[in-house]
Amino acid sequence: MSKDFSLLDEPWLPVRLADGRVVELGLREVFRRSREIVALAETAPPSLVAQYRLLLAITHRALTRAQGRWAPADRVRWYREGLPQQALQDYLDHRQDRFWLFHAQAPFLQVAALAEAQATRDKRKPWTQIALASANGNTPVVFDHAVDAEPAALAPAQALGTLLGYLQFTPGGLVKCLRDADKAGPLVNTAAILPLGATLSETLCLALHPAPRPGEEEIDLPAWERPPLTIAQLQGEPVPATGPNDRYTRQSRAVLLLPEADGTVRWLHFAAGWALADDPHAPDPMACFRVGSQGLVRVSFTEGRAFWRDLPAMVPMPALPQGLNSQAAAVLQHALALHGAMAWTVPDQPLLVAGLASDQAKLLRWRAESLRLPTALVAEPERAAELRDQVALAEAVHRAVAQLAVGMLAAMLPDPTSKDTRTRARALLDTGPFTASYFSQAQRALPALMQGLAGDAQDAALAAWQQALRAAALQAWQQVLQGLGRSPRALKADALYWPRLHSTLNQHLPLHSPLVAQEEA
């Protein structure tokens with residue numbers, strides 16, 4: 001194994017080929033075979049997103065170097081015929097000295113100055129310091145039994161994938177080296193969105209951010225085109241991103257991998273990074289924002305919340321009277337612009353949604369999901385508005401039925417009219433299966449709803465969706481009833497609230513057909 005480890009030539013990036021095989025390739029080969037590669041095959045969601053961002057930054061800079069600006073017709077040609085290989089390979093050759101993992105002066109996405117800085121040169125951390133799924137310090141993980149004093153050896157390819165995901169998703173918090181605390185990575189608490197093509201080449205074309213404007217070619221630079229970071233920069237104030245290339249490769253923590261004699265990694269130097277300053281006018285291109293109670297909120301993975309409930313943040317939305325708008329990820333707009341230039345040649349746009357949720361410095365969960373968004377729902381505002389309305393209807397039905405369920409649970413408790421009793425009843429409902437049952441049942445009907453709204457069967461799709469919501473509400477209600485048991489008090493509460501339930505459902509979901517009425521009976 002090469003101790004130097006070139007990202008260009010050493011196999012490290014896991015990809016899935018058209019024949020189903022998963023192999024590891026170096027960057028040169030990844031771009032050469034980008035039309036044979038279906039997708040990246042990384043299994044850790046943070047690293048998966050970070051790897052796509054790395055490839056996007058390389059692609060953007062290679063095209064910028066080769067031709068400066070490009071037109072929509074260029075993207076259409078690249079999408080159909082493949083990315084310009086000469087430009088990509090020439091760029092990698094031009095920058096090959098910055099793609100060495102263990103380079104003495106400029107190791108890839110690392111800070112060589114940590115080896116000499118007084119604050120870090122005599123301090124080593126186990127590699128699990130940058131592993132979002134590993135135990136380190138006082139943050140144990142259930143199925144990981146790593147010990148800080150005896151870290152296991154990590155192959156360079158694994159160390160690189162771990163580093164990429166960590167730099168993008170690390171939460172803000174204490175670092176206690178060079179600075180007391182540090183800002184979070186670019187994608188903290190973000191369910192990152194990526195439009196997917198049939199091949200890696202198509203995916204990179206879909207998500208490619210716009211060409212730089214004249215005179216701005218050397219402004220938005222990735223980490224490997226900037227001078228190596230200095231200790232003074234690490235100790236300085238947070239700096240806003242100059243653009244997507246900067247965001248996609250920002251060294252949000254200072255890390256220096258320390259290779260063993262056999263090329264593996266056990267230890268590293270660690271410190272505060274080149275902090276990313278918040279800029280509300282330049283959100284991350286892969287982040288969607290929904291309207292919250294106090295402004296726009298990044299769409300993330302929330303415990304107990306199905307991701308499809310945030311679909312309205314992915315489709316166009318007219319400005320509200322107060323000017324507050326949900327905001328779709330810029331990469332979606334890039335993909336839709338490409339589809340528009342090709343006259344909408346595909347009916348659906350597959351999406352990857354992946355990321356990591358945290359609470360301050362506590363990592364909570366990571367997840368990767370996929371969905372297919374009909375292009376008509378984002379191309380035509382009227383259809384998008386109908387989708388938003390139907391998702392909002394699902395939320396309204398849930399709230400209304402949940403309020404009744406809380407009342408029924410409170411009726412089972414002493415002093416049912418007390419505010420404290422209702423609070424306790426709400427807690428019982430929240431910890432039970434009610435919400436998960438309702439939204440999981442409704443989700444089964446969502447693809448048919450989206451296809452119907454995108455096509456010519458809108459009335460039938462709406463009727464089927466409302467019928468599905470009614471069935472989901474009844475099923476969730478039954479889950480609550482089963483928890484009550486069959487005591488006289490439970491039967492009385494059931495008899496009291498059953499008519500109210502149907503009245504509420506009829507208010508939100510009018511009976512559309514004899515079939516629905518028959519099911520109700």
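Is aspartate 348 buried or exposed, and what is its relative accessibility? At 15% relative accessibility, aspartate 348 counts as buried (buried means under 20% relative accessible area, exposed over 50%, partly exposed in between, with a 1.4 Å probe and protein chains only).

A word on the model before we go on. It is predicted, so local features need pLDDT of at least 70 and side-chain atom pairs count only at pLDDT 80 or more, while totals for chains, interfaces and linings use all residues. Residues are numbered from 1 along each chain as its sequence is written, and side-chain values use heavy atoms, leaving out hydrogens and water.

Back to aspartate 348: arginine 372 forms a salt bridge with it, the closest N and O atoms being 3.9 Å apart (a side-chain nitrogen of Lys or Arg within 4 Å of a carboxyl oxygen of Asp or Glu). Arginine 372 lies in strand 13 (residues 362-374) and aspartate 348 in strand 12 (residues 348-359), so the bridge ties together parts 24 residues apart in sequence. Strands (E, at least two residues) and helices (H or I, at least four) are DSSP runs, numbered from the N terminus. Arginine 372 is partly exposed, at 49%.

The structure holds 23 salt bridges. Among them, aspartate 19 and arginine 21 meet at 2.8 Å, N to O; aspartate 19 is exposed at 53%. Arg61, Arg95, Glu218 and Glu225 are linked in a network.

Now look at helix 15 (residues 458-484) and helix 16 (residues 488-508), which pack at an angle of about 170° with their axes 12 Å apart. Axes are lines fitted to C-alpha atoms, for helices over the stretch in contact, and angles run from 0 to 180 degrees between N-to-C directions. That makes the two helices roughly antiparallel (over 145 degrees; under 35 is roughly parallel, 65 to 115 roughly perpendicular, the rest oblique).
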